[in-house]
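Work through the following exercises with the model at hand, and check each step of the solutions against the atoms.

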Amino acid sequence: MARDGGLSHVDNEFDKNCSKFVTIEVDSSALSTWNRKMQHSKMLSPTPTQWDCQKEADMGSVPITKVREQLRRVIDDDSYTPHCVPIGPYHQSRSSQWIEKRKQCSAGFLQSLSEEHTVGGLTGVMEKLEPLARECYTSGDGFGNMTPEQSASMMLHDACYLLLFFVDYVSGNGAPPAPADDDDERLVNRNTLAIHERVTGGNTSVLDYMAMPIQELLQMQLFISRKPRQTPPMCSHLLHLVHAYFRPMLLPAVSTAMSSDTGTGRWRRAVEYRRYANVQLMRRVYQDDVESSVLDVQLERGRLWIPRLRITSNTWTILRNLMALEEQAHRRPVTAYCLFMSQLACTSEDVQVLRRAGIVDHFLDNDEQVSKDFAGLCNGVVMEVDDLERNYLKPMWHQLEKRCDSRAQRFMGWFRHGHNWEIAAAFLVALIVIACQVTQTFYAITGRGR
């Protein structure tokens, strides 16, 4: 499993501290038995929701931090709290008896399998990893008042639950266990991927094993195209893994329209770009053989191509947590995209235009609610929009502003999208009358000459 410099240090610590590796072979019959035990449990199960995650490409070692208080104050706090299954120490208080029982069953199942191949099974594995895990939390209250024994038990239960979640998903055994939600920003412990690999002890990378179902979940939600991708080489945790797939492949070209003296400002509304820049808003359709994502926005010959964004109950949570993760990175493509969309679709009229163009797809009661969600998407978010490394859409903003400043484009936009049909009809009638008068004058002059 390829890792960055930060995780290489983690591996060395693991190799020093772990005196044994645990081999677990999960065959189909054993997994089916476990599934039947879970399905026939007498506990009432809450309605499962889709499991969400997030990612980034230029971040090496990413610590576990809490979301800034400024973001929590201006945004619904539910965006940064677990929806179903808490993983890690930040939100243990939000767990339930039902999910704790499922985690215990998962740990017991893997313990019984590991004992068939290793003396003692999983006993003592997490206790040796617990000090290293504590160092990964930048917040002083990461583990709170948990004792080393309690935190080791929590890590073991969480790791076993997540491992079986992905095993069950990849095996195709119907609906997977209740989806897992991570800590603040839905971050799983930085060492989760490394810990899982030590628990399983197999030759196949756990990162490779988890990447495929995450790809499928993102494809189902239309965040990325269906072209299979290679496993990202450097990921610290699950949120980081998801973020690795959100990379813009079509970067706007840096043109002469970008002046060093002109700062980058707010994006205009969708109706304003149609009216003042004579821009057609078009939906970019994913091609199955091309690697692309929802971030691939492009301006081409007066057409603004934007991939479809499907609005579900999880969309805002995913985007907000990705933006929170990017605050630890230099490049911030998801934040730049969210700023663009939040200002492009900030009114119900704009959402209506984007929905009719096939760019926004939602099943809410009305466009007004969607516009409010867009308008509040980036509340509290701060980014240096003039930095091209951070804001990959900066060249496109300047290109659109240049079109808005063009009198010819403003006139064409007014004529095509201004909805001034009476004035346009009168203008056409006037042109016809003038043409008739010119024709009549021409024949009158040529007739006199003869």
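**Exercise 1.** Determine in which helix D350 is placed, whether D350 counts as buried or exposed, and which residues D350 is in contact with beyond its sequence neighbours.

*Solution.* D350 is placed in helix α13 (residues 348-356), where helices are DSSP runs of H or I with at least four residues, numbered from the N terminus. Its relative accessibility is 0%, so D350 counts as buried, a term that means under 20% relative accessible area with a 1.4 Å probe and protein chains only. Once neighbours within four places in sequence are left aside, D350 is in contact (heavy atoms within 4.5 Å) with R269, A270, V271, L344 and A345.

This is a predicted model, in which local features need pLDDT of at least 70 and side-chain atom pairs count only at pLDDT 80 or more, while totals for chains, interfaces and linings use all residues. Residues are numbered from 1 along each chain as its sequence is written, and side-chain values use heavy atoms, with hydrogens and water left out.

**Exercise 2.** State how many aromatic pairs the structure holds, and classify the pair of W267 and F340.

*Solution.* The structure holds 4 aromatic pairs, that is, rings of Phe, Tyr and Trp (its six-membered ring) with centres within 6.5 Å, called stacked for planes under 30 degrees apart, edge-to-face for over 60 and tilted for the rest. For W267 and F340 the ring centres are 4.8 Å apart and the planes stand at 75 degrees, so this pair is edge-to-face. Because W267 lies in the loop between α9 (238-243) and α10 (270-277) and F340 in helix α12 (residues 333-344), the pair ties together parts that are 73 residues apart in sequence. Both W267 and F340 are buried.

Note on methods: Helix = DSSP H or I, 4+ residues; strand = E, 2+ residues; numbered from the N terminus. Buried < 20%, exposed > 50% of the residue type's maximum accessible area, 1.4 Å probe, protein only.
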